[in-house]
Amino acid sequence: MSVWLPASGETLIARAPLAFATGEATQVKGMRWFRDTERNDIQNELVGWPEGPAYTARTAGDTAARNTLKGAAMAVGVAVMGLLSSQAGSVGPGRSDKGSNTSHDRADEVEDFPVMWADPGTIARTLPWQLDPARSPQDQYRTHAVITDRRLVIVGFPYIKGDEKRIDDDFLWEVPRAAITRVELRDFKIGNDAKIVFADGSWCRVGSINRERLTRYLIEPPEFIPLTSLTQAQRNTAERFAAAQAPDAQPPLVKQNPCGCFRIEVVAPSTIHASFGHSGLNTVMDANGTELRLTEYHQEDFLT
């Protein structure tokens, strides 16, 4: 196993799966496009990229036909569920609250679905082709985002189903944190997408099953509290928690949450998972250095 790690003096913060997003609205479902700012298709202009599929958005007529079929299927499904629910012990699946059926950006989510918006010479045009699931199928190859206190890095590795711990990283791409001006969460449909906007105005739309881990430290500056600035009791708790994790655990990262408690997070390269990235080894302590149980604080206090 060969996991990419930053050089000494640079802090590894997080790692999460990352790929170009995929359209979910009926007209663009399963599709994605690479555009310049005039909305021209530029995928054949991207240097070093292998040939990929050419998509065509579905027309209103196609959409109406699909919706008619979908409506008929749903009607049958409702009837079946009604029958099942009348039977003792039958329970239907729960509904997830993640994502939204309402688009606030129809031009780029319903009528079109660009995952790259970039004029010649801009940062987004330099992104690696391996991020495209159509060119690099995820059942054979995975791409992860690695976040440090200095940069965003993209790595990739061959994927073998059932061997989630086998990581052999190739360094694919990097950009300084200073070149990222903002990150916008996109909740349409599944709710796994984010739009990363670069300083030159170019942007990309990516998806991640672990979006919160990916975006938390890209949206917020990584202002961790130096261990030397903690009280002795707080430092003991942080270091004890880190020592209880994997043998290769990095020094603990400590940040104060709005609740007044302190979040302790540890990154251990050996715990990286091919499908989920780094799971995040974390806990919370109070001002006295006492480690808190989840029931003592709201869930958001742990994740903030």
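1. A friendly place to start is C204, a buried residue with a relative accessible area of 3%. Here buried means under 20% relative accessible area, exposed means over 50%, and partly exposed lies in between (1.4 Å probe, protein chains only). Across the chain, 47% of the 304 residues count as buried.

2. A word on the basis: this is a predicted model, in which local features need pLDDT of at least 70 and side-chain atom pairs count only at pLDDT 80 or more, while totals for chains, interfaces and linings use all residues. Residues are numbered from 1 along each chain as its sequence is written, and side-chain values use heavy atoms, with hydrogens and water left out.

3. The chain has five helices and 14 strands, taken as DSSP runs numbered from the N terminus (helices H or I, at least four residues; strands E, at least two).

4. The largest nonpolar core has 41 residues, and I196 is listed with F20, M116 and F198 as having the most contacts inside it. A separate, second core has 13 residues, including L227, L230, F262 and L281. Such a core is a set of buried Ala, Val, Leu, Ile, Met, Phe, Trp, Tyr and Cys residues joined through side-chain atoms within 4.5 Å.

5. How many disulfides does a search of the whole structure find? One, formed by C259 and C261 with their sulfur atoms 2.2 Å apart; the cut-off for such a pair of cysteine sulfur atoms is 2.5 Å. The torsion about the S-S bond of C259 and C261 is about -55°, so this disulfide is left-handed. C259 is partly exposed at 31% relative accessible area, whereas C261 is buried at 1%.

6. The largest pocket holds about 430 Å³ of space. It is lined by 28 residues, of which Q138, N192, G207, S208 and I209 are the closest to its centre. Two or more lining residues come from each of β2 (19-20), β5 (141-148) and β10 (203-207), and β5 gives the largest share, three residues. By class, this lining has 13 nonpolar, 10 polar and five charged residues. (Ala, Val, Leu, Ile, Met, Phe, Trp, Tyr, Cys and Pro count as nonpolar; Asp, Glu, Lys and Arg as charged; the others, Gly among them, as polar.)

7. The second largest pocket has about 310 Å³ of space. Of its 19 lining residues, E10, T11, L12, P251 and L253 are the closest to its centre. Its lining divides into 13 nonpolar, four polar and two charged residues.

8. There are also four cavities of 30 Å³ or more. The largest contains about 50 Å³ and is lined by R32, W33, F34, D41, Q43, P53, Y55, D132 and R135. That lining has four nonpolar, one polar and four charged residues. On a 1 Å grid over the protein atoms alone, a cavity is a set of points where a 1.4 Å probe fits but cannot get out; a pocket is an open set with protein on both sides within 12 Å along at least five of seven lines; lining residues have an atom within 4 Å of a point. Points are joined across faces, edges and corners, and volume is the space filled by probe spheres set on them.
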